[in-house]
Amino acid sequence: LFRSIGKFGTTTQAAGGNLNSTFTGGVKHFEVCGDVKDATISVTGGADGKITDATIGGSITGGTGANSGKISTTGDAGTITIGGSVTGNTGTGSGSVSIGGKADTITIGGSVTGNTGASSGSISTNGLKTGITVKGDLMGGAGAGSGSINSGGSATKVSVGGSVKGGAGTNSGAISMFGAVKQAFIGGGIWGGDGIGSGSVLVSGKLTNASVGHDIQGGAG
């Protein structure tokens with residue numbers, strides 16, 4: 001249990017410290033009451049690099065470094081809950097969640113927002129046993145794949161309470177599901193941006209039901 005991770009940079013550490021934390025093998029429970037800022041949390045060990053459940057009470061915010069403000073596993077994950085938002089920055093992969101195996105349920109209480117870094121502000125898994133919910137918006141930035149949701153397998157439900165908004169980056173502000181999806185729900189609209197494939201929803205398998213609450217608009221991309 002942590003109050004926050006990375007909030008004060010390395011000022012609370014001895015000289016030569018960093019914001020990288022690596023756990024080898026499974027982690028049953030990981031909880032941060034506040035924010036994760038600029039810090040990298042990695043659970044490794046191949047298929048054994050699992051998180052049973054993880055709760056971040058605040059937000060995950062990336063920085064200028066690659067993979068800063070990131071939670072990743074090499075194996076499966078159970079329930080991942082982030083009370084606030086996931087926000088990328090200029091660093092590649094900054095402000096992101098990456099699950100190497102399948103995740104059960106991922107819930108983001110705020111928005112997922114990309115920036116100039118490639119894949120900044122992104123959520124990726126190798127499949128979703130249940131689904132993913134973003135209660136706010138999914139917003140792309142100038143980086144390729146920024147502000148995006150990517151799943152390599154099927155999912156029961158993909159839900160964005162707000163709108164899906166593309167940015168200047170290729171495939172920014174986009175949802176890509178490489179498997180069957182039973183329900184895709186977008187509470188707001190789907191709006192393309194300047195990037196090719198931005199502001200889009202792609203399901204390569206069977207889509208049983210889809211709902212968009214507002215308009216669908218193209219952009220310059």
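User: Which residues does Ser151 touch, not counting residues up to four places away in sequence?

Analyst: This is a predicted model, where local features need pLDDT of at least 70, side-chain atom pairs count only at pLDDT 80 or more, and totals for chains, interfaces and linings use all residues. Residues are numbered from 1 along each chain as its sequence is written, and side-chain values use heavy atoms, leaving out hydrogens and water. A contact means heavy atoms within 4.5 Å. By that rule, Ser151 touches Thr125, Gly127, Leu128, Ser176, Met177 and Phe178.

User: Is Ser151 buried or exposed?

Analyst: Buried means under 20% relative accessible area, exposed over 50%, and partly exposed in between (1.4 Å probe, protein chains only). Ser151 sits in strand S16, residues 148-151; a strand is a DSSP run of E with at least two residues, numbered from the N terminus. Its relative accessible area is 1%, so Ser151 is buried.

User: Which backbone oxygen does the side chain of Ser151 reach?

Analyst: A polar contact is a pair of N or O atoms within 3.5 Å; within protein, one must be able to donate a hydrogen and the other to accept it, and residues adjacent in sequence count only if both atoms are side-chain atoms. Here the distance is 3.2 Å, and the oxygen belongs to Gly153.

User: Which are the edge strands of the open sheet of eight strands?

Analyst: Two strands pair if DSSP finds at least two bridges between them. The sheet pairs in parallel, in the order S3-S6-S9-S12-S15-S18-S21-S24. An edge strand pairs on one side only, and that picks out S3 (36-37) and S24 (216-217).

User: Which residue in S24 stands opposite Ile190?

Analyst: Strand S21 (residues 190-191) pairs with S24 in the parallel sense, over two bridges. Across from Ile190 stands Ile216.

User: How many of the five residues of strand S4 are buried?

Analyst: S4 (residues 40-44) has parallel partners. Strand S1 (residues 20-24) joins S4 over five bridges, and S7 (residues 70-73) joins S4 over four. S4 is largely enclosed by the rest of the structure, because its buried residues number four.

User: What is the bridge partner of Thr40 in S7?

Analyst: Thr40 looks across to S7, which pairs in parallel with S4. The partner there is Lys70.

User: What is phi of Asn171 near?

Analyst: Asn171 lies in the loop between strands S18 (164-165) and S19 (174-177). At 42% relative accessibility, Asn171 is partly exposed. Its phi is positive in a residue other than glycine, near 55°.
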